[in-house]
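Me: I have a new model open, and I would like to learn how to read it. Can we go through it feature by feature?

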Amino acid sequence: MPSNLDLKGMKSRFLRKLKHIPTITNLKQGPALQLNPPVYDDQDHKPHNLAELEIGLNGSEDDKHYELKEMRFEATPTKGSKEKELVEKNLLVVSSPSKSMHQQIQVKEYPSLTDFEEIHPPGGSQAVILYTTSLRGIRKTFQDCNTVRFLMRSFKITYHERDVSLHLEYREELWKILGCKVIPPRLFIKGRYIGGADEVVGLHEMGWLGKLLEGTPMDFADGPCKGCACMRFSICSNCNGSCKVFTTNGDNKNECFIRCPECNENGLVKCTICCY
């Protein structure tokens with residue numbers, strides 16, 4: 001039979017062993033259970049969180065702010081276009097260095113017509129002039145003209161379309177005011193040159209085209225023009241589109257052909273209803 005002293009010694013040794021047995025709360029998580037295990041530095045032996053280590057590997061906060069600025073400017077139009085100049089002029093970025101992530105506040109202002117080059121087409125100082133072509137030889141040019149024409153009609157405004165393929169005078173007029181041989185479409189608003197299809201569509205996607213068209217006369221017509229069906233031209237009634245008329249030659253009264261003085265090179269005349 002063990003004595004009381006032996007029982008007390010066994011009890012004390014058993015209690016000491018119980019203290020060394022790890023409980024559930026004191027168990028260290030294994031590699032599979034550790035979501036954010038500490039990472040020790042070789043120099044200072046200080047634990048670091050994996051989230052901080054990922055920030056250090058991916059880049060600093062300033063680098064992230066620089067990437068955000070690059071992403072913002074990638075959404076702007078290409079270099080050298082009119083839309084990018086307007087974006088850089090009308091966007092203000094305010095950064096707050098007190099916070100970890102820089103807070104960007106964009107203040108956007110709508111451009112005015114004074115931001116565009118002042119060019120006055122004949123009779124277009126206070127009107128909307130659109131130079132187009134109805135020829136389908138170049139598919140992209142024809143589609144661009146249809147796109148800009150559709151935008152003008154969607155705003156329900158009064159605009160004057162000048163087809164350079166139906167009237168040679170319009171083509172020479174466009175080349176003269178722009179100083180070079182350009183292809184349509186070309187849009188002018190109240191004596192300001194807006195640009196071609198890319199510029200007009202870009203302004204419309206930004207929501208600025210409607211602001212530039214404010215103050216222009218509205219078009220409340222229910223259907224196409226009764227005189228030309230919105231073609232802006234009609235067949236000459238003097239020569240019936242042949243560009244030739246008969247005339248007498250002095251006292252001999254000999255009939256001969258002369259050039260019709262009323263129509264253009266295609267035997268067409270401007271519509272007296274919708275053309276001004």
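Me: Of the contacts in the chain between residues at least 6 apart in sequence, what percentage join residues at least 24 apart?
Reply: The figure is 63%. Contact here means heavy atoms within 4.5 Å. Before we go on, note that this is a predicted model, where local features need pLDDT of at least 70, side-chain atom pairs count only at pLDDT 80 or more, and totals for chains, interfaces and linings use all residues. Residues are numbered from 1 along each chain as its sequence is written, and side-chain values use heavy atoms, with hydrogens and water left out.

Me: How many helices and strands does the secondary structure of the chain come to?
Reply: Eight helices and 13 strands. Both are DSSP runs, numbered from the N terminus: helices are H or I with at least four residues, strands are E with at least two.

Me: What share of the residues of the chain count as buried?
Reply: Of the 276 residues, 30%. Buried means under 20% relative accessible area, exposed means over 50%, and partly exposed is in between (1.4 Å probe, protein chains only).

Me: Let's take a helix. Which residues of helix 6 are buried?
Reply: First the general idea. An α-helix has 3.6 residues a turn, so residues three or four places apart point the same way. Now the case: helix 6 spans residues 168-178, and its buried residues are Tyr 170, Glu 173, Leu 174 and Leu 178. Seen down the helix axis, they fall within an arc of 110°, so they line one face of helix 6. That arc is taken from the directions from the helix axis to the C-beta atoms.

Me: What do the buried residues of helix 6 pack against?
Reply: Strands. They are strand 6 (128-132), strand 7 (160-163), strand 8 (186-189), strand 9 (192-195), strand 10 (233-235) and strand 13 (268-270).

Me: And which residues are buried in helix 7?
Reply: Helix 7 covers residues 197-206, and its buried residues are Ala 197, Val 200, Gly 202 and Leu 203.

Me: How do I read the backbone angles?
Reply: Most residues other than glycine have a negative phi, and most peptide bonds are trans. Now look past the helix ends. Gly 207 follows helix 7, with a positive phi near 85°.

Me: What about Arg 232: buried or exposed?
Reply: Arg 232 is buried, with a relative accessible area of 12%. Arg 232 sits in the loop between helix 8 (209-212) and strand 10. Its phi is positive too, about 70°, and Arg 232 is not a glycine.

Me: Where is there a cis peptide bond?
Reply: From Pro 184 to Pro 185, with omega near 5°. Pro 184 is in the loop between helix 6 and strand 8, and Pro 185 lies in that loop as well. Pro 184 is buried, at 11% relative accessible area.

Me: Which residues does Pro 184 touch?
Reply: Leaving out residues up to four places away in sequence, Pro 184 touches Tyr 131, Thr 132, Thr 133, Thr 141, Cys 145 and Val 164. Pro 184 and Phe 142 are 42 residues apart in sequence, yet 8.7 Å apart from C-alpha to C-alpha.

Me: Now pockets. What volume does the largest pocket have?
Reply: The idea comes first. Rolling a probe the size of a water molecule over the atoms shows where empty space is left. On a 1 Å grid over the protein atoms alone, a pocket is an open set of points where a 1.4 Å probe fits, with protein on both sides within 12 Å along at least five of seven lines; lining residues have an atom within 4 Å of a point. Grid points are joined across faces, edges and corners, and a volume is the space filled by probe spheres set on the points. The largest pocket has about 600 Å³.

Me: Which residues lie nearest the centre of the largest pocket?
Reply: Asp 219, Ala 221, Gly 223, Cys 230 and Arg 232, out of 19 lining residues. The lining draws at least three residues from each of domain 1 (112-219) and domain 2 (220-275). These bounds come from an automatic or database domain assignment.
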